[in-house]
Amino acid sequence: MAEAAPILETRDLTIRFGGHAAVDGVSCAFARGTLTAIVGPNGAGKTTYFNLISGQLRASAGAVLLKGEAITGLGAPARARRGLGRAFQLTNLFPNLSVLENVRLAVQARAGIGLDFLTMAARRGDLAERAVAHLARVKLADRAEAPAAALPHGDQRKLEVAILLALEPEIFMFDEPTAGMSVDEVPVILDLIEAIKAEGDKTILLVEHKMDVVRRLADRVIVLHNGALVADGAPAEVVASPIVQEAYLGLRAAS
Amino acid sequence: MSAELLRRNASDWGAYALLPLIALATLPAMSFSTWLTLTVAGFAMGMMLFLMAAGLTLIFGLMQVFTFAHGAFITLGAYLAVSVLGALAGWSNADSWALNLAALAAALLAALMASGAAGYVFERVIIRRVYGAPLRQILITVGGLIIAEQLVVAVWGANPLPLPKPAAFRGSFILAGAAIETYRLIAVALGLVVYAALHLLLNRTRVGLLVRAGVENLEMVEALGYRIRRLFIGVFVTGTALAGLGGVMWALYQELVTRSIGSEMTILIFIILIIGGLGSIGGCFTAAILVGLVTNYVGFLAPKLALGSTIVLMMAVLLWRPRGLFPVGAE
Amino acid sequence: MSDGAALLELAGVHTHIGRYHILHGVDLAVRRGRLTMLLGRNGAGKTTTLRTIMGLWRPSAGEISFDGAAIGALATPDIARLGIAYVPESMGIFAQLTVRENLLLATGPQGFDEARLEEVLALFPALRQKWHSAAGSLSGGQKQMLAISRAIIEPRRLLIVDEPTKGLAPAVIQQLIDAFLRLKSTETTILLVEQNFHMARSVGDDVAVMDDGRIVHAGAMADLAADEALQQHLLGLSLASHQ
Amino acid sequence: MSGAAPGPLDRLLSGDRPGTRLLNLLLLLLLASLLLAPFLFPGTRSLAVAARICIFIVLAASYDVMLGYTGIASFAHTMFFGMGAYGVAIALAKLSAGWGAVLLGAAAGVALAVAVAVLIGLLSLRVRAVFFSMITLAVASFALILATQLRDLTGGEDGLTFSVPDVLQPSFRLLAEPVLGVRLDGRIVTYYLIFAAALALFLLMLRIVNSPFGRVLQAIRENEFRAEALGYRTVVYRTLAGALAAAMAALAGALMALLLRYNGPDVTLSFSVMVDILLMVVIGGMGTLYGPALGAVVLVMAEYYLQPAMAALSGSLAGWPLLPALFDPDRWLLWLGLLFVLVVYFFPAGIVGKLRERAG
């Protein structure tokens with residue numbers, strides 16, 4: 001994967017809460033068009049690592065580079081506008097707005113017309129149509145008029161993904177996209193991620209606990225443990241490495 | 001607070017240094033005797049403000065309730081002082097320290113009880129339903145303030161009422177060439193007593209331990225087996241009772257009670273809470289004195305700017321420390 | 001030790017958080033005098049189960065009984081007063097209070113029982129040195145020790161701990177394992193949520209595995225520990241066999 | 001659905017129809033009454049009530065942009081109202097009674113209001129949301145102090161009395177003959193100026209809250225964190241919303257000055273005006289814009305017509321303890337306060353929310 005400059009890179013990325021380093025000197029480069037799964041036990045710092053990349057948290061030390069340019073000093077909105085799209089682990093919607101409006105706000109953000117205060121939003125039917133198209137991809141178009149809060153949990157997760165699609169980012173960051181979904185809902189999301197991957201030029205970061213999902217989707221797996229990057233490689237070799245066995249399962253040399 | 005003390009790092013001394021720095025900085029602008037008079041006056045005003053603000057800082061800190069109705073309890077205390085001292089005019093005007101003091105004590109006690117009782121009703125009827133909903137808290141307490149002010153006017157009338165101090169506290173004496181009003185010393189004494197009592201209560205008793213723990217993590221306090229709602233009621237009643245107490249003291253200081261006495265003080269109290277940091281009694285105490293001093297110094301040097309100066313002070317503190325001088329609790 | 005009978009029992013417990021339906025009928029029995037491990041991947045509903053037991057969230061359906069009495073409708077403080085101690089995932093340490101004050105809050109009105117305090121401090125000697133320090137200044141491991149000490153500073157009938165090893169160094173985890181092994185030798189019944197399977201295997205007597213808001217397996221820890229296929233099936237986190 | 005071109009009415013209302021038949025009827029009635037007020041309700045007092053309603057519709061609606069749409073509880077809104085009023089008042093009192101002075105004063109008031117709103121907005125970047133409401137209260141009282149202290153400029157407590165351009169003078173006659181029995185004097189011209197301006201400003205605000213920008217405001221109210229993650233710099237939006245609302249309030253203030261030919265701290269800056277606005281928005285229905293308009297009608301009418309009713313009631317209760325005092329006409333705010341608290345408890349979406357809920 002060394003043929004091109006990485007689209008995204010973290011260098012010695014660190015954040016400390018009090019004395020505790022939740023993410024501890026993580027250096028990692030992500031190539032365009034790849035899907036990297038980030039695994040590790042609970043509390044390993046995966047979501048924190050995501051927050052540092054997408055700008056919800058500011059790093060104590062180290063750098064985040066997007067297409068070779070340092071974005072460490074930028075806030076979350078600026079990073080989102082530069083193509084870092086993020087879906088959240090805990091569903092994070094606009095609860096009293098309609099499903100359509102939730103996605104339409106993302107389409108509108110992508111279109112960059114948020115500061116237009118003299119056009120009727122309703123006259124931009126093109127935005128609404130794009131929003132409906134994204135909803136259709138997650139099979140939610142029929143619920144477009146419902147308030148987001150009225151959806152069942154699984155549908156809210158789908159809506160979360162539709163919002164991410166609507167941002168049309170260059171880098172998709174999924175934080176456990178299937179968590180809390182019932183078994184029959186999971187394939188919709190996984191097929192979708194595969195379809196994004198198949199487009200070829202989209203870069204995907206995926207925090208995931210389910211190993212079958214990781215095996216199915218990932219080109220590469222990195223393992224975080226106690227905030228540090230402890231393994232990096234193809235799924236098969238990472239899974240086999242003893243350090244991962246210990247980190248992930250808490251297994252000791254004894255096993 | 002002991003826990004705070006241990007945690008305190010060097011930068012906190014900057015916050016403490018503010019008081020003496022401001023006091024000393026004004027000295028060259030006036031004669032020493034004027035400065036001393038103003039400083040005592042500033043302390044006295046600060047203590048009265050502290051009485052009114054102390055409860056609110058705990059209500060904010062512990063219950064996360066954003067009440068704009070605190071001024072109503074100050075108003076209630078002030079009007080009760082009019083009624084009680086009016087009824088006890090014989091004692092209040094008598095040429096006897098003991099009788100004067102008894103009249104004052106009666107007014108304070110009445111205000112303490114009535115404001116506390118009103119606070120109890122207010123918590124049970126109004127606040128209880130809006131825990132955890134900040135916007136509704138703001139709206140509902142503004143509504144409560146409107147109703148309370150109107151009720152006070154319905155009972156005592158709309159016109160300002162005179163409130164002479166008890167005879168013994170009217171005069172002043174000379175100390176180091178400065179005129180010191182007797183009443184201000186009473187106010188300082190009462191303020192110190194209340195501060196000491198609150199300090200002991202918070203740091204030496206289990207109830208205080210619970211309050212301090214609750215400011216940080218309510219849920220965990222409940223999971224340890226404590227019924228937090230009772231604590232809430234207790235803190236709310238204490239806070240409103242103290243507001244009533246402060247109302248009496250402030251009304252006597254002004255010697256005039258108006259219907260807007262509470263809402264006028266509310267603004268100063270908010271300024272104190274913002275400067276001191278929510279939930280900290282020590283911060284509230286320091287900020288109250290700071291505001292008292294600044295008001296008096298500026299009131300002497302440029303009378304028109306007195307209240308404005310405290311607002312400017314607040315803005316400056318916020319730019320320096322967005323969470324106030326002595327913030328408590330994790331953000 | 002009265003072995004066998006359940007001290008805590010959940011039957012068909014459903015919990016909604018806002019509009020989210022998190023628990024879909026949890027059946028769980030925690031047997032007297034034993035350490036029950038509650039396992040499952042992220043988002044399976046483990047923490048919600050513990051919080052529902054503690055009354056921090058209300059069950060929307062189902063029964064929760066403690067020592068034969070229904071507790072599903074009780075308020076959190078009243079549940080705690082039955083002799084149930086809870087250590088949340090966040091540990092619930094009061095950062096601005098001292099170590100002593102944190103512990104004192106968990107004692108009865110008479111204050112510390114000196115003998116009991118000595119026992120607890122013997123378990124976690126690091127706390128003795130930090131006795132008068134603000135708890136916020138402790139390391140992550142020390143905070144976890146403080147949280148567990150606080151839960152056991154008085155004799156409790158049931159101890160509920162949510163992921164004590166989260167984010168801790170291996171040495172500290174070993175110390176916690178030792179502490180739980182020592183606690184097991186007392187009368188205390190323990191319900192422990194864990195993702196660290198090594199920890200779970202070291203201390204657990206019984207095990208329950210959750211997924212999608214339900215208990216999908218319950219039995220003896222020894223059986224699960226011996227059966228790697230079952231582990232893989234239930235926990236989905238056994239990496240070893242996927243090569 | 002989304003592709004169809006909106007009709008002229010929808011374009012005027014920015015696609016935001018009131019929503020229910022009863023509400024449509026109420027609003028049409030209101031519009032018609034205000035449009036024909038000089039002819040339907042002749043008399044100086046009635047015309048003053050109608051003009052006040054127009055002004056307070058703008059003021060309450062502009063506050064709703066902050067409170068209802070963006071979820072920001074500010075107590076500095078009367079300050080902006082006052083800035084517009086003082087701008088016009090000072091210009092007319094110090095310069096000349098011409099339209100140039102009116103425009104200059106209004107523009108200065110709006111500019112000052114926008115500048116201060118931006119400063120407050122930027123300060124809110126640094127402080128907790130809790131502090132924000134308290135700070136706005138302090139800033140508003142600072143403005144009140146300034147207005148009373150800068151006596152040379154503002155007339156202090158007494159305020160400023162001034163002359164307005166000729167066509168707005170009561171002595172001015174538009175036509176020699178009365179129309180429908182009403183003499184078209186300067187008062188009527190003033191009224192229609194206010195009516196037209198208020199209608200235009202209201203429609204403009206309706207457009208703003210239904211624009212892409214307005215949708216972002218609602219997103220911020222619902223979930224500021226997520227709005228940021230979508231790429232919206234929420235501080236910019238909050239600040240702009242504050243500035244727009246401040247500008248609208250200042251324009252309402254300018255109209256108020258023209259109506260009264262007087263301005264003083266009690267009329268446009270006092271906390272009781274702030275309380276009025278709050279009552280209008282909450283009772284009418286936050287986040288609906290039509291709600292605050294209805295709320296303004298309710299409050300202004302109550303102020304003018306509830307009081308005589310209460311005076312009669314109070315008189316008939318003479319002899320009872322306390323009751324006459326409770327129903328004293330000056331206590332009307334007591335009853336509105338109670339109504340306010342009940343609305344916040346039981347109908348948090350106000351009159352309009354309740355009507356829409358019943359219909360939907």
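Select Asp78(C) and Arg227(B) in this predicted model. They form a salt bridge, with the closest N and O atoms 2.5 Å apart. Asp78(C) sits in helix H2 of chain C and Arg227(B) in the loop between helices H10 and H11 of chain B, so the pair joins two chains. Asp78(C) is partly exposed at 24% relative accessibility, and Arg227(B) is partly exposed at 32%.

Next, show chains A and D together. Here 36 residues of chain A are in contact with 34 residues of chain D. The buried area between the two chains is about 3100 Å², and carbon and sulfur atoms give 64% of that. Colour Phe94(A), Phe117(A) and Met120(A): in chain A they lose the most area to chain D, together 21% of what that side buries.

Between chain A and chain D there are two salt bridges. One of them links Arg226(D) to Glu160(A), at 2.4 Å from N to O. Then select Glu101(A) and Arg215(D), whose closest N and O atoms are 3.4 Å apart in a salt bridge. Glu101(A) belongs to helix H3 of chain A and Arg215(D) to helix H10 of chain D, so this pair joins two chains. Glu101(A) is buried, at 10% relative accessible area, and Arg215(D) is buried too, at 18%.

Now stay within chain A and pick Lys197(A) and Asp219(A), which meet in a salt bridge of 3.3 Å, N to O. Lys197(A) is in helix H6 and Asp219(A) is in the loop between helix H7 and strand S9, so the pair ties together parts 22 residues apart in sequence.

Last, select Arg32(A), Lys67(A) and Glu170(A), which are linked in a network of salt bridges.

Conventions. Residues are numbered from 1 along each chain as its sequence is written. Chains are lettered from A and ligands numbered from 1 in the order in which they are written. This is a predicted model: local features need pLDDT of at least 70, side-chain atom pairs count only at pLDDT 80 or more; totals for chains, interfaces and linings use all residues. Side-chain values use heavy atoms; hydrogens and water are left out. Contact means heavy atoms within 4.5 Å. Buried area is the accessible area (1.4 Å probe) that two parts lose on being put together, summed over both. A salt bridge is a side-chain nitrogen of Lys or Arg within 4 Å of a carboxyl oxygen of Asp or Glu. Helices (H or I, at least four residues) and strands (E, at least two) are DSSP runs, numbered from the N terminus. Buried means under 20% relative accessible area, exposed over 50%, partly exposed in between (1.4 Å probe, protein chains only).
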